Amino acid sequence: MPFNVLIVGAGICGPAFAMLLQKSNPQHNITIVERFPTLRSTGQQIDLKTQAPHILRKMGLMDEIKRRCVNETGVEVVDSSDRRIAQFGAAASGQRGPGLTSEYEIMRGDMVQVLYDASIKQNENLRDGIRQGIRYIFGQTITALNQSAQGVDVTFSDGQTQQYDLVVGADGQYSRTRKLAFGQKVHDAAFKSLGIHAAYFSIPRIDGESTWARGHLAPGRKMVITRTSGRPVTGTLFFTMKESPALKACYKESVDIQKEAFVEAFKDITWQTGRLLSGLKASDDFYANELVQIKMDRLSTGRVVLLGDAGYCPSPFTGLGTNLCLVGAYVLAGELARQADDILEALTSYENRMRRFIEECQQLSSKTIGLLFPSSRLGVWSMDQLIWAVSKINGLFPQSQQEDKHDELLPEYPELNLSF
């Protein structure tokens with residue numbers, strides 16, 4: 001039977017889930033609501049590894065993804081004098097090795113555009129004789145959810161109310177859907193801080209910057225990463241684990257105040273200081289937040305279910321956020337297609353199948369990460385020496401070229417009618 005579904009969030013996992021679900025039954029009526037007036041084309045570089053490439057191949061999108069991948073050779077670690085300490089090449093998509101770069105790296109905005117374009121094209125291909133399909137609504141959000149035996153009554157920011165068989169919260173780690181469906185207490189408790197403050201921004205590229213990303217550790221528990229990836233700009237990332245009331249308080253303030261807080265926090269770094277701080281001040285894509293993991297005891301309540309970062313954000317430090325959200329989209333669509341006569345049972349099966357993937361991708365602790373953030377100059381020197389040693393060992397014993405088996409961990413859903 002066809003579903004009337006609302007997806008909150010037009011990022012990566014929302015449109016991916018819509019495409020997968022529609023393939024199982026073109027009669028589904030799927031609405032995607034996005035609070036921004038247009039697609040958000042900004043964002044940092046993301047990894048596509050483990051199960052993500054397999055799912056994208058099943059969707060017939062991997063060739064287009066490859067065409068849009070950035071050109072990043074790997075990462076080199078440098079000291080304050082710009083001397084190279086160590087290098088790590090790109091890891092194969094099915095491998096988890098030391099380093100920053102994966103075989104498939106793409107800018108978040110490009111990934112969002114690929115999924116949006118593909119969903120529109122799929123909808124048009126299925127339109128003949130189909131009255132339903134995938135529909136996007138931009139510049140709106142949800143303000144209330146009221147459930148009954150018949151479905152979920154959703155109130156939108158324009159005051160209109162509509163009933164749906166299922167509401168899918170794919171609206172990120174600060175999910176409004178999670179707060180409305182589970183309550184403020186559960187919403188707040190889901191945030192598990194890693195104790196890291198992060199800022200992301202782009203600066204002009206300079207001569208000499210190659211396709212290697214560069215990483216630098218600084219005293220005071222700070223890390224800087226730059227990534228040109230063959231683009232005309234250099235993506236820059238600031239991370240710090242130093243306790244800072246000013247940083248913790250700045251996220252509720254204006255972007256200008258956030259910039260001031262990060263300039264103050266990083267004014268004592270000794271690597272490309274002037275360039276990085278002036279670039280931060282002038283950047284037009286600055287974004288900052290405290291890194292967290294989202295951990296929920298359950299992923300659904302009634303006919304409202306969480307997908308991707310809204311339910312199980314693993315944090316950027318794992319490099320597995322996109323992978324986990326695509327696995328979630330695939331499994332949720334598969335279970336709904338398989339148990340189309342019982343939505344609640346499908347949601348239970350989705351949660352049970354996802355627990356293994358969630359636990360694996362969230363294997364990270366602030367104590368473990370803390371080792372990468374030395375506080376003293378001696379600590380930085382010691383960590384640099386350890387990184388050098390790891391790079392040499394990695395060079396002597398390169399990653400195994402054995403066949404990638406991550407696709408075998410994915411359930412098979414013939415009900416999704418994926419021909420790839």
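## Strand β14 and its neighbours

Histidine 216 stands opposite valine 224, a residue of strand β14. The model that shows this pairing is a predicted one. Strand β13, residues 212-218, runs antiparallel to β14, and 5 bridges join the two. The hairpin they form has 3 residues between the strands, and in this hairpin glycine 220 takes a positive phi near 85°.

On to the next strand: β14 is also joined to β15 (residues 233-240), again in an antiparallel arrangement, by 6 bridges. One of the pairings sets arginine 227 against glycine 235 in β15. The hairpin of β14 and β15 has 5 residues between the strands, and serine 229 takes a positive phi near 55° there.

How many of the 6 residues of strand β14 are buried? The count is 6 of the 6 for residues 222-227, so the strand is largely enclosed by the rest of the structure. Lys222, Val224 and Thr226 point one way from β14, while Met223, Ile225 and Arg227 point the other way, and all are buried.

## Helix α9

Helix α9 spans residues 273-282, and its buried residues are Arg275, Leu276, Leu277, Gly279 and Leu280. What do the buried residues of α9 pack against? Their partners are the strands β12, β14 and β15, together with helix α8 (255-266).

## Aromatic pairs

The model holds 15 aromatic pairs. Phenylalanine 156 and tyrosine 164 form one that is edge-to-face, with 6.4 Å from centre to centre and 75° between the planes. Phenylalanine 156 has a relative accessibility of 7% and counts as buried. Tyrosine 164, at 4%, counts as buried too.

Is the pair of tyrosine 200 and tyrosine 287 stacked or edge-to-face? The ring centres are 6.0 Å apart and the planes lie at 25°, so this pair is stacked; the cut-off for stacking is under 30 degrees. The pair links distant parts of the chain, since tyrosine 200 belongs to strand β12 (residues 191-204) and tyrosine 287 to strand β16 (residues 287-294), 87 residues apart. Tyrosine 200 is buried, at 9% relative accessibility, whereas tyrosine 287 is partly exposed, at 42%.

In soluble globular proteins, nonpolar side chains tend to be buried together. The largest nonpolar core of this model has 71 residues, and those with the most contacts inside it are Phe17, Met111, Leu336 and Met354. Helix α11 (residues 321-338) gives the most to this core, with 11 residues. Apart from this core lies another, of 22 residues, among them Tyr200, Ala213, Met223 and Leu291.

Which residues does methionine 111 touch, leaving out those up to four places away in sequence? They are Ile12, Ile46, Leu48, Leu56, Ile65, Ile106 and Leu326.

## The six-stranded sheet

An open sheet of 6 strands has the order β7-β2-β1-β11-β18-β17, and its pairing is mixed. The edge strands, β7 (133-138) and β17, each pair on one side only. β17 pairs with strand β18 (residues 304-306) in the antiparallel sense, over 2 bridges. Within that pairing, threonine 301 stands opposite valine 304 of β18.

## Arginine 298

Where is arginine 298 found? The residue sits in the loop between β16 and β17 (300-301). Arginine 298 is partly exposed, with a relative accessible area of 42%. The side chain of arginine 298 reaches the backbone oxygen of serine 300 at 3.4 Å.

Not counting residues up to four places away in sequence, arginine 298 touches Phe182, Glu351 and Arg355. Glycine 311 is 13 residues from arginine 298 in sequence, and their C-alpha atoms are 8.5 Å apart in space.

Key. Residues numbered from 1 in each chain as written. Predicted model: local features only at pLDDT ≥ 70, side-chain atom pairs only at ≥ 80, totals over all residues. Heavy atoms only, no water. Phe/Tyr/Trp six-rings, centres within 6.5 Å; stacked < 30°, edge-to-face > 60°. Buried < 20%, exposed > 50% of the residue type's maximum accessible area, 1.4 Å probe, protein only. Helix = DSSP H or I, 4+ residues; strand = E, 2+ residues; numbered from the N terminus. Pairing = 2+ DSSP bridges. Contact = heavy atoms within 4.5 Å. Polar contact = N/O pair within 3.5 Å; in protein donor to acceptor, adjacent residues only side chain to side chain. Core = buried A, V, L, I, M, F, W, Y, C linked by side-chain atoms within 4.5 Å.
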